[in-house]
Amino acid sequence: MIPPGSTIGIIGGGQLGRMLSIAAAQLGYRAHILDPHEHPCAADVAARFTRAAYDDLDALRELARNVDVATYEFENLPVAALDVLGAKLLPSTRSLAIAQDRAREKAFIEGTGARVAPWRTVSSRDEVEAAIAELGLPIVLKTRCYGYDGKGQAWIRGIDEAGAAWAAIGEEPAVAEAGVDFAAEFSVIVARWANGRHAFWDSPQNEHGEGILRRSTVPCSEPVAAQVPEARAATLRIAEALGHVGVLTVEFFASADGPLVNEIAPRVHNSGHWTIEGAVTSQFEQHIRAICDLPPGLTGLTRGGAVMDNLIGADANRWPELVETRGAHVHIYGKGEARPRRKMGHVTRVVR
Ligand code: AMP
């Protein structure tokens, strides 16, 4: 067990690192952020900040010396560099390596017996045409690496759109995925300990716009709830196959054939932000508990449920009205400029 008073390294200083640092501080840990930016928003609430590139081996070795355990808040990180953290890094680089390449991720998920939408890899315009012939239309192209929040994605709805879509994703190695006619989207969020112990939260139903999460609602609707048991079983198989320690999020489509995995995130997730006020133990605190090997906290609802809305870009300018709204828990990430599509904060309303 890593006791309070110890230092937790966090690779990445965005809003997830910020909320992890706050949870760590509550339990008496010191957070040490490593991030290449000048003013990452997590550094404002952390005990220490090292400004360094994610592939700076000297900085990573120095971090390893200064922390008792380390974790990461996003997956677009160089696996070989993070390997210098060795066993101090939880979840391990295995979870990272699988989650950061969509082709490896899908093959891995299928290997655990869970289902994904029909897909194939594409690395040329000809292969895009072949994917259309094989999978039908519509399909979505997603770059294998470095995609997030709908970036690196392009839909093909008519055969004449193939060239434009291939150009739009930068002619990068990609997966072509059949469009899923889903009734809803939801996620399963689990925390897993090294000894295999685990705890789920209620599954949020998630609404996206332009590829970005807009709203998560707990409890989910009845048709989604019917798919949660199968989705939880799939999530647990994935977590076990990864040997994952910490929070793992699996995003699902509720399709007519049951739950299909969209993607996995080896970390705390935007669709779990409601747990800060809506659950007895938040995803952030539970992640700290799992990587420090403290006992699990309870994950039940504090009230009847919760609705979390993201504040994206100019939405954050609504803060004066939101802070006046009774019962609205307003979180502003302190990121500065409210650029379009940038996640600036979120607001959670706990339902009675
Ligand atoms: P992703 O970045 O893969 O999570 O995709 C962002 C969003 O795009 C998803 O949450 C869905 O709303 C939509 N999307 C992605 N892939 C598919 C698909 N195969 N079929 C239908 N919608 C999709």
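Colleague: Which loop holds Pro138?
Modeller: Pro138 sits in the loop between helix H6 (125-135) and S6. Keep in mind that this is a predicted model.

Colleague: What is the peptide bond from Leu137 to Pro138, cis or trans?
Modeller: Read omega. The bond from Leu137 to Pro138 is cis, with omega near 0°. There is also a cis bond from Val218 to Pro219, again with omega near 0°. Pro219 lies in the loop between S12 and helix H8 (222-225).

Colleague: Now phi. What is the phi of Glu210?
Modeller: For Glu210, phi is near 50°, a positive value in a residue other than glycine. Glu210 belongs to the loop between strand S11 (205-209) and S12.

Colleague: Where is Asp293 found, and what is its phi?
Modeller: Asp293 is in the loop between H11 and S15. Its phi is near 60°, a positive value in a residue other than glycine. The relative accessible area of Asp293 is 40%, so it counts as partly exposed.

Colleague: On to the ligand. How many residues surround the ligand?
Modeller: The shell has 17 residues. The closest are Lys142, Gln153, Glu177, Val180 and Glu185.

Colleague: Which classes make up the shell around the ligand?
Modeller: Six residues are nonpolar, six are polar and five are charged.

Colleague: Which strands each supply at least two residues of that shell?
Modeller: Strand S6 (139-143), strand S7 (153-156), strand S8 (174-178) and strand S14 (258-265) each do.

Colleague: What lies 2.8 Å from an oxygen atom of the ligand?
Modeller: Look for pairs of N or O atoms. Here, a polar side-chain atom of Lys142 is 2.8 Å from an oxygen atom of the ligand. Glu185 also places a polar side-chain atom 2.6 Å from an oxygen atom of the ligand. Ala178 uses its backbone: one of its polar backbone atoms is 3.0 Å from a nitrogen atom of the ligand.

Colleague: How much of the ligand does the protein bury?
Modeller: Start from the ligand taken alone, which exposes 470 Å². The protein buries 92% of that.

Colleague: Take Phe284. Is Phe284 buried or exposed?
Modeller: Phe284 has 1% relative accessibility, so it counts as buried. Its place is in helix H11. Beyond its sequence neighbours within four places, Phe284 is in contact with Leu16, Met19, Leu20, Ala23, Val268, His273 and Ile276.

Colleague: How far apart are Phe284 and Gly246?
Modeller: Compare sequence with space. They are 38 residues apart in sequence, and 9.6 Å apart in space, C-alpha to C-alpha.

Colleague: What about a charged residue? Is Arg267 buried or exposed?
Modeller: Its relative accessible area is 14%, so Arg267 is buried. Arg267 lies in the loop between S14 and helix H10 (275-278). Leaving aside neighbours within four places in sequence, Arg267 is in contact with Leu16, Tyr72, Glu73, Phe74, Glu75, Val247, Leu248 and Thr249.

Colleague: Last one. With which side chain does Asn206 make a polar contact?
Modeller: The partner is the side chain of Ser187, at 3.0 Å. Asn206 is in strand S11. With a relative accessible area of 5%, Asn206 is buried. Not counting residues up to four places away in sequence, Asn206 touches Glu185, Phe186, Ser187, Leu213, Arg215, Ser216 and Ser271.

Definitions and conventions
Residues numbered from 1 in each chain as written. Predicted model: local features only at pLDDT ≥ 70, side-chain atom pairs only at ≥ 80, totals over all residues. Heavy atoms only, no water. Near = heavy atom within 4 Å. Polar contact = N/O pair within 3.5 Å; in protein donor to acceptor, adjacent residues only side chain to side chain. Areas by Shrake-Rupley, 256 points an atom, 1.4 Å probe, with all protein chains shown as cover. Helix = DSSP H or I, 4+ residues; strand = E, 2+ residues; numbered from the N terminus. Nonpolar A, V, L, I, M, F, W, Y, C, P; charged D, E, K, R; others polar. Buried < 20%, exposed > 50% of the residue type's maximum accessible area, 1.4 Å probe, protein only. Contact = heavy atoms within 4.5 Å.
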